[in-house]
Amino acid sequence: MTSRGLWLPLLAALFASAAAGAVDGGDPESMREFDSPQQQERYWALLGKLRCLVCQNQSLSDSDADLAQDLRDEVYVQMAEKGKTNEAIVDYLVDRYGDFVLYRPPFEPSTYLLWLGPFLLLAIGFGVLVVVVRRRQQALTQPLSEAERARVSELLENESDEDKRE
Amino acid sequence: MIPELGTVALALALCVALIQGAFPLAGAHKGIAPWMAVARPAAMAQFGFVALAFVILAYAFAVSDFSVAFVANNSNTALPIYYRLTAVWGGHEGSMLLWSFVLALWTLAVAVFSRTLPAEFAARVLGVMGLVSIGFLLFMLLTSNPFERLSPVPAQGTDLNPLLQDIGMIIHPPMLYMGYVGMAVAFGFAIAALLGGRLDPAWARWSRPWVTVAWMFLTAGVALGSWWAYYELGWGGWWFWDPVENASFMPWLVATALIHSLAVTEKRGLFKSWTVLLAITAFSLSLLGTFLVRSGVLTSVHAFATDPARGVYILTFLGVVVGGSLLLYALRGPSTLGGSTFSKVSRETLLLANNVLLMVAMATILLGTLYPLVIDAMGGGKLSVGPPYFNTVFVPIMSVLMLLLGVGNLARWKQDSLGRLWRHLRLALAGAVVIGGGGAIMLASDTFAAKTAMVALGLILAVWVLITSVQSLWTQLSTKRSVAAGLGRLPAGAYGMVLAHVGLAVTVVGITMTTAFNVEERLRMAPGDTKELAGYTFRFEGVDRVRGPNYDAATGTFKVSHDGQQVATLQPEKRNYMSGGKPMTEAGIDAGLTRDLYASLGQPQSGEEGAWSIRLYHKPFVRWIWLGALFMVGGGLVALSDRRYRVTRRRKAEAPAGEAPAPAEGA
Amino acid sequence: MQARLWIPLTVFVAIVALLGVGLTMDPERVPSPLIGKPLPDFEVARVDDPKDTISPADLEGQVYLLNVWASWCRACRQEHPVLMEASRQTELTIVGLDYKDERPKAREWLRRRGDPYALSAFDPQGKVGIDLGVTGVPETFVVDAEGIVRRKFVGPITRQQLRSEILPLVAKLRKSS
C-alpha cells in the first residue's frame with residue numbers, strides 16, 4: 001500500500017520505465033540467483049517433489065499460495081545460501097510438516113506395498129493371462145467327458161428347438 | 001406447498017421402484033407373465049415421478065424459493081438463471097436427485113427399446129435397475145432430501161460455489177452421470193444373465209449398444225472435467241489424479257475393457273465370465289465413486305460437504321449391491337468349459353491381454369487412491385499419494401497396452417502366427433520409430449536425454465497405434481475388388497474401432513507434447529511490459545475493473561503477437577464474488593490446434609502502479625488431449641450405426657408388407 | 001474352477017472393510033510431527049514493544065497455549081471470544097504468535113477486541129511458523145512445563161473443545177510437572 005507521499009515518485013518511475021521501453025517484470029522466483037544452471041534445475045526439481053500443503057494436489061513448484069512461496073524461500077535459502085543437500089532440506093521439512101509434505105510417497109516399509117503393488121498386479125495379470133490361454137490349449141486336446149457329451153447333445157436339441165421358435 | 005410435492009413425488013417413485021424391483025424378478029423366477037409385464041409400466045411411472053421431482057426442484061431454484069434449504073445453500077437472487085438451474089446439481093442432495101433422474105431415464109430407455117428382448121430377460125434387467133433405484137431414492141428420502149425446508153426463511157441465499165459458476169458445471173456433471181449411471185444398464189444385463197443362467201452371444205449383442213452409449217458419455221464426461229479444470233483453475237493443469245477424478249477414470253477403464261470383452265463374447269462366444277465380471281465391476285466402481293465423494297473418507301477439491309452418516313448408508317448399499325452380485329457371480333458364474341478355442345497367438349489372446357492391462361491399471365489407481373486410508377487406518381499418520389506416484393506407475397502400463405494395441409489391430413481371430421504378424425507389422429514399427437523418434441529428437445534436442453526419451457516413447461506409441469489402426473482397414477480391404485467398393489462394404493464397427501483407437505493416439509500425442517514442452521513464466525508485469533515466450537510476445541496492457549452479475553472482477557488484457565503480427569488478445573480475470581470466499585481466477589486463453597496461449601492474473605503488486613504478478617504459458621498441442629477424446633466418442637457413435645443394430649427397424653418396416661422377416665444378422 | 005469365482009467377492013469384502021474403518025477417521029486432521037518433541041526454539045520481537053523479545057525459554061516451568069493468529073484471519077475472529085473467556089475466567093496462560101501480519105494492524109485488532117495473551121510474539125515473515133509446521137491460521141499448541149508440545153489444534157478453538165479437551169489436558173499436565 002502506498003501512501004500519498006510516494007505517488008509522485010512512483011508515477012515518475014512509471015513514466016521513466018515506459019519511456020525506457022519494455023522491461024521484464026520480476027517476481028521472487030525470477031529474481032533468484034543461483035550458483036549454476038544445475039543448481040537452478042535442482043531447485044525446481046526439488047520443489048516438484050514437495051507438496052503444497054494448502055492446495056489441492058499441487059507441488060511447491062506450481063502453487064501460488066503464500067505458504068508455498070514461504071517454503072520456496074526456505075528451500076532456496078537452504079540450498080543456495082546454506083548449501084544443504086536435497087536430503088537435508090527434505091528432512092528439515094518432514095521434521096516440521098510430517099510425511100505429508102512429500103509429494104512423492106517415500107519408499108520405505110510402510111509404502112512398499114504402494115510402490116511394489118503395481119508390479120505385483122502386473123505379475124498377477126500376466127499369470128492370469130498365461131493360465132487362461134494355456135487352459136484353452138488343453139481344452140482343444142482333451143476329449144469330452146461323459147457328462148460333457150450328454151450336455152452337448154442336450155444343447156444341440158435345445159438349439160434346434162429355439163431355431164424353430166424364431 | 002410445491003416443495004412438499006417434490007418429496008411426495010420421490011416417495012411415490014420409491015413405491016413404484018419397489019414394485020419394479022420385486023414383481024418382475026419374482027415373476028421371471030416363477031414364470032408368471034403378468035408380474036413380468038409390470039416392469040415396463042413401472043419403469044415409465046418411476047421416470048414420471050422422478051422427473052416431476054426434478055422439475056419441482058428446478059422450479060424452486062428458478063423462483064429462488066429460499067424456504068427450501070438446498071436452494072438457500074446453493075443459490076442467490078443475483079445468480080443468473082442458467083446457473084440457478086445448474087445449481088440443482090451443485091450440492092449433494094441435488095446431485096443425488098440428478099443420479100436418480102438419470103437412472104430413471106436409462107431405465108425408461110431400456111423399457112422402451114427392449115421389446116425385442118425375451119420377456120424374462122427384460123423383466124430381470126428392469127427389475128435389477130429397479131432395485132438400484134430403490135437404494136438411491138431411499139437414500140434421498142432418509143438422509144438427503146433436497147426438498148427440506150428452512151425456517152426462518154432467509155432473505156437471500158448463500159450462493160453457488162463460484163468455482164461452479166461456469167459452463168463446465170452445466171455440462172460436465174450430467175454427461176458424467178449419464179456415463180456412470182449407464183453402467184447400471186450393463187450391470188442389469190449381467191445380473192439378468194446370471195439369474196437366468198443364459199449367457200450367449202445374443203446376450204452380448206443386446207448389451208453392446210447400451211454399454212457403448214454409456215461409455216461414450218463417460219468418455220465425454222471425463223474429458224469435459226479435464227478441460228474444465230484446465231481453464232478454470234488458473235494454472236493450466238488438466239489432470240491431478242485427485243480421488244474424485246480417479247473415481248471417474250476407473251469405471252472408464254473397466255468400461256473400455258468391457259466393450260472389448262463384449263466384442264469377443266459376441267463374436268466368438270468366449271470370455272463370458274470376464275464380461276459379466278467386468279460389467280459388475282464397472283458399476284461397482286461407479287457406486288464406489290459416489291461413496292468416495294460424499295462420505296468424507298478422502299479429501300478432494302470435488303468432495304461435497306462430508307457426512308459420515310451418509311457414508312455409512314452408501315457403504316452399506318455398496319456392500320449389499322456389489323457383494324450380492326459378486327456372490328451371485330461366485331455361485332452362478334458361467335462355466336468356461338467348452339466353447340471355441342483360440343491359439344496362443346490370436347486376437348483373442350491380445351484382447352485378453354488388453355483387458356488384463358486395463359484392469360491392472362484400474363487396480364493400480366485404486367491402490368494409490370485408497371492407500372492414504374490404509375496407512376491412516378494402520379496408525380501410520382498421513383501420507384499423500386499424488387501425481388508423482390500415479391504418473392510413474394500409470395505410464396508404463398499404458399505403454400505396454402498401446403504396444404499390444406498395435407499388434408491387436410492386425411491380429412487374426414482364432415489363429416494367427418508371430419511370423420505373419422511380424423511381416424505385416426514391421427513396416428508400421430519402422431515407421432513409428434522413424435517418425436516418432438525422429439520427431440522427438442528434432443523437438444527435444446536441446447533438452448536432456450530423459451526428456452527426449454519420454455517424448456520419443458509417447459510419439460512412437462501414438463504413431464504406432466495410428467499406422468496400425470489405418471492399416472487394419474487396409475488389410476480388410478485387400479480382399480475386395482475396388483478400394484471404394486471395399487471401403488463402403490466394411491462394417492461400421494470397423495470404422496468405429498479405427499476412429500476410437502486413433503483418438504487414443506491423438507490424446508497421447510497431446511499429453512506427450514504438452515507435458516514435455518509446456519513453457520511457463522511467472523513474473524511481475526506492469527502495464528506496458530512485454531515478455532517473450534516460445535516465440536510469442538506477450539504485452540500487458542493493464543487491468544480494468546469490471547462488474548459482473550454477481551461479482552466484481554479485475555480483467556487483465558494481454559496482446560500477443562508473433563513475428564510482429566498480432567495473433568491474440570487474452571483477458572484473464574480475477575473475480576471476487578459478492579457472496580464472499582476466495583478470489584476466483586479465470587484464465588485468458590487463446591486456443592489453437594497446435595498450441596494454447598494462456599495467461600492468468602495473480603495478485604496486484606505493490607511498487608509500480610498497476611503491476612500484477614502474472615503467469616504466462618505456452619502449451620503445445622494441449623487441445624489434442626480432448627480432441628482425442630472427441631474422436632473416441634465419435635468412434636463409439638460410428639460403431640453404433642452398424643447394420644447389426646438396425647435389425648429391429650428393418651423387421652418392423654418389412655412386416656406390415658406381409659413379407660417374412662429378414663434373418664437375424666451376425667450372432 | 002469354482003474357487004477362482006470367489007476371488008472378486010473376497011477382494012471386495014476387504015475393500016469394504018477398509019472403507020468402513022476409513023469412515024471412522026478424519027482425513028482433514030494432519031497430525032503434527034512436533035507432538036512429543038520440544039517446541040522449536042525461537043526469539044522474536046514482541047507485538048507491543050519491538051525492542052523486546054520473547055522466546056519459549058521465558059515460559060519454562062509453565063503449561064501454556066501457543067496460539068498462532070493474524071489480524072487478516074476471519075476464523076481467528078470466531079475463536080477470539082473463546083480465547084478471551086479462557087484467559088479471563090480460567091487460569092490458562094495463552095501466548096500469541098502473530099503470523100505474517102503488520103504490527104499496527106495487530107495492535108489495533110487486540111485493542112479493539114481485547115488481548116487474551118500473556119505474551120504476544122510477532123512473526124511477520126512466518127519463519128517461526130515454518131518451524132512450527134503452521135499451514136494456516138488459527139492453530140494452537142498445548143505446551144507442557146518442560147517445553148514439550150503435547151497437542152495441536154488446527155482451526156478455531158470452540159468452547160466445546162476448550163471445556164472438554166484443553167482444560168482437562170492442561171490440568172493433567174500441571175499436575176505431572
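**Close-up views of chains A and B**

**View 1. Polar contacts and salt bridges between the chains.** Between chain B and chain A, five residue pairs are in polar contact, both residues of each pair at pLDDT 80 or more. The model shown here is predicted. Salt bridges between chain B and chain A number zero.

**View 2. The chain B side of the contact.** Which elements of chain B give two or more residues to the side that touches chain A? They are helix H13 (347-377), helix H14 (387-410), S1 and strand S2 (530-533) of chain B. H13(B) gives the most, with 12 residues.

**View 3. The area buried between chain B and chain A.** The contact takes 55 residues from chain B and 49 residues from chain A. Together the two chains bury about 4,400 Å². Of this area, 61% lies on carbon and sulfur atoms.

**View 4. An open sheet in chain B.** Four strands make up this sheet, and it is open. Their order is S1-S10-S9-S8 (chain B). The pairing is antiparallel. Which strands stand at the edges? They are strand S1 (519-525) and strand S8 (588-590) of chain B. Each has a single partner strand, so one side of each is left without a neighbour in the sheet. From one strand to the next, the twist averages 15 degrees.

**View 5. The pair S9 and S10 in chain B.** Strand S9 covers residues 595-604 of chain B, and strand S10 covers residues 612-620 of chain B. How many bridges join them? The two strands pair over eight bridges, in the antiparallel sense. B:Pro604 stands opposite B:Trp612 in S10(B).

**View 6. A helix across the sheet strands.** Helix H9 (residues 201-232) of chain B lies across S8, S9 and S10 of chain B. H9 runs at about 45 degrees to S9(B).

**View 7. Confidence along chain A.** Chain A averages a pLDDT of 74. Of its residues, 73% score at least 70. Among the elements of chain A, helix H4 (residues 86-97) has the highest mean pLDDT, 91. Helix H1 (residues 4-20) of chain A has the lowest, 34. Over residues 1-26 of chain A the pLDDT is below 50. This stretch has 21 contacts in the model beyond near neighbours in sequence. Where pLDDT is low, the predicted coordinates should not be read in detail.

Note on methods
Residues numbered from 1 in each chain as written. Chains lettered and ligands numbered in written order. Predicted model: local features only at pLDDT ≥ 70, side-chain atom pairs only at ≥ 80, totals over all residues. Heavy atoms only, no water. pLDDT = per-residue confidence, 0-100. Contact = heavy atoms within 4.5 Å. Pairing = 2+ DSSP bridges. Axes fitted to C-alpha atoms, helices over the stretch in contact; angles between N-to-C directions. Buried area = accessible area lost by both parts, 1.4 Å probe. Salt bridge = Lys/Arg side-chain N within 4 Å of Asp/Glu carboxyl O. Polar contact = N/O pair within 3.5 Å; in protein donor to acceptor, adjacent residues only side chain to side chain.
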